Amino acid sequence: MTNEWCGWRDATERALYGPGGFYTRADGPGPAGHFRTSVHASRQYAGAVARLLERVDEALGRPERLDVLDVGAGRGELLSGVLAALDTAGAEAAESPAGEAARTLPGRLRAYAVEKAPRPEGLDPRITWLAELPAPGTLTGLLFANEWLDNVPVDVVETDPEGVVRRVLVRAEDGAERLGEPVTGEDAAWLAEWWPTGGAGGPLDGDGGPGCRAEIGRPRDAAWARAVRTLRRGFAVTADYAHLREARPPYGTLTGFRDGREAAPVPDGSRDITAHVALDACAAAGGTGALLLTQRAALRSLGVDGSRPPLALATTDPAAYLRALSGAGEAAELTDPGGLGAFHWLVQPVGLPAGAVRLSP
């Protein structure tokens, strides 16, 4: 803990990833103890990622080794669910001559989780736990990052009463803020391109007046570009809270989460600190051919359907009807356009055409 004033990027880095930080301490409940992601909402999410992995495998021509990498893996919940879904699909295909791909995929798969926290006890031994990304160009397959980029620390800026865009400084012990130096150099250039100002040092877009805020996404662009480079061939996909250039929020999105509730963003290590992602900027940094779509569209393309089962099933097989009804409710939550379905997916192809995984906006 420090009472020094510093930028939000440095303060968040210490609060989340420093010694005893929110994501690095081993004795805490992990992210699931403080907020609910798509991974925790339903096993159908892991099932959809498993189907996406099968499509990547097909696009790659069924390689002898297929890699799947989960970046920002939490406690390994997503990869555990993906492996379980693939095991089930393989077992169901055991007696089918047409099911060779499903039967062989688990044996060809190498699973990696990237997370700064220690490896959880009891994690599936097939998952290799890493503290850092693998070396560039070493993997062939699917990289998936669920709600990772929103936790890559960024600096916050604000327009002062004279119309100058300044860095916001924060005190870790209580989250108090004050304005610092004007924004210059590469950060100013990023704002001009992706979160435009009204001229050199002028007010941020929005209402154009004092108090307008933005988050400088340059560190996220770099983090995403580095993640994409781990792939020799395949697809890199990230799903997150996001906004696009034509609709940036005029007062930014910085916030905190603690004990299942949104909370003030105090960078003292007791809570998550997060901000929505300028995902179009990340797409440009990651390479060419990227596809941006909503989670609702992506999951529907992968077979997640919130339609209610036919009522007649309640008469012929009540237990099956209840299971189907529960599944429909979970699918509806994942694809709700007013909730999780409004998340954005960035699909970045590496050495393959973007259409190879058949995701439609």
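Student: Which strands form the open sheet, and in what order?

Tutor: In this predicted model, the open sheet holds 3 strands, ordered S13-S12-S14. Their pairing is antiparallel.

Student: Why is one side of S13 and of S14 left without a neighbour in the sheet?

Tutor: Strand S13 (261-263) and strand S14 (272-274) stand at the edges, each with a single partner strand, so one side of each has no neighbour in the sheet. Neighbouring strands here are turned by 35 degrees against each other on average, direction ignored.

Student: How many bridges join S12 to S13?

Tutor: There are 3 bridges between strand S12 (residues 255-258) and S13, and the two run antiparallel. Look for Arg258: Arg261 in S13 stands opposite.

Student: Now a helix. How do I read the side chains along one?

Tutor: An α-helix has 3.6 residues a turn, so residues three or four places apart point the same way. Take helix H3 (residues 43-59). Its 17 residues reach 25 Å from first C-alpha to last, close to the 24 Å expected.

Student: Which residues of H3 are buried?

Tutor: The buried residues are Tyr45, Ala46, Gly47, Ala48, Val49, Ala50, Leu52, Leu53, Arg55, Val56 and Asp57.

Student: What should I look at around the ends of H3?

Tutor: At the start, a side-chain oxygen of Ser42 comes to within 3.0 Å of the backbone nitrogen of Gln44. Just after H3, Gly61 has a positive phi of about 80 degrees.

Student: And charged pairs? How many salt bridges does the structure hold?

Tutor: Side chains of opposite charge can pair when their charged atoms come close. This structure holds 19 salt bridges. One of them joins Arg171 and Glu173, at 3.7 Å from N to O. Arg171 is partly exposed, at 22% relative accessible area. Glu173 is partly exposed too, at 39%.

Student: What does the salt bridge between Arg218 and Glu186 tie together?

Tutor: The closest N and O atoms of this pair are 3.1 Å apart. Arg218 lies in helix H7 (residues 218-228) and Glu186 in helix H6 (residues 185-194), so the pair ties together parts 32 residues apart in sequence. Arg218 is partly exposed, at 29%, while Glu186 is exposed, at 55%.

Student: Arg248 pairs with Asp280. Is Arg248 buried or exposed?

Tutor: Arg248 is buried, at 11% relative accessibility. Asp280 is buried as well, at 13%. Their closest N and O atoms are 2.9 Å apart. The pair links distant parts of the chain: Arg248 sits in the loop between strand S11 (242-243) and S12, and Asp280 in helix H8 (residues 279-286).

Key
Residues numbered from 1 in each chain as written. Predicted model: local features only at pLDDT ≥ 70, side-chain atom pairs only at ≥ 80, totals over all residues. Heavy atoms only, no water. Pairing = 2+ DSSP bridges. Helix = DSSP H or I, 4+ residues; strand = E, 2+ residues; numbered from the N terminus. Axes fitted to C-alpha atoms, helices over the stretch in contact; angles between N-to-C directions. Expected span 1.5 Å × (residues − 1). Buried < 20%, exposed > 50% of the residue type's maximum accessible area, 1.4 Å probe, protein only. Polar contact = N/O pair within 3.5 Å; in protein donor to acceptor, adjacent residues only side chain to side chain. Salt bridge = Lys/Arg side-chain N within 4 Å of Asp/Glu carboxyl O.
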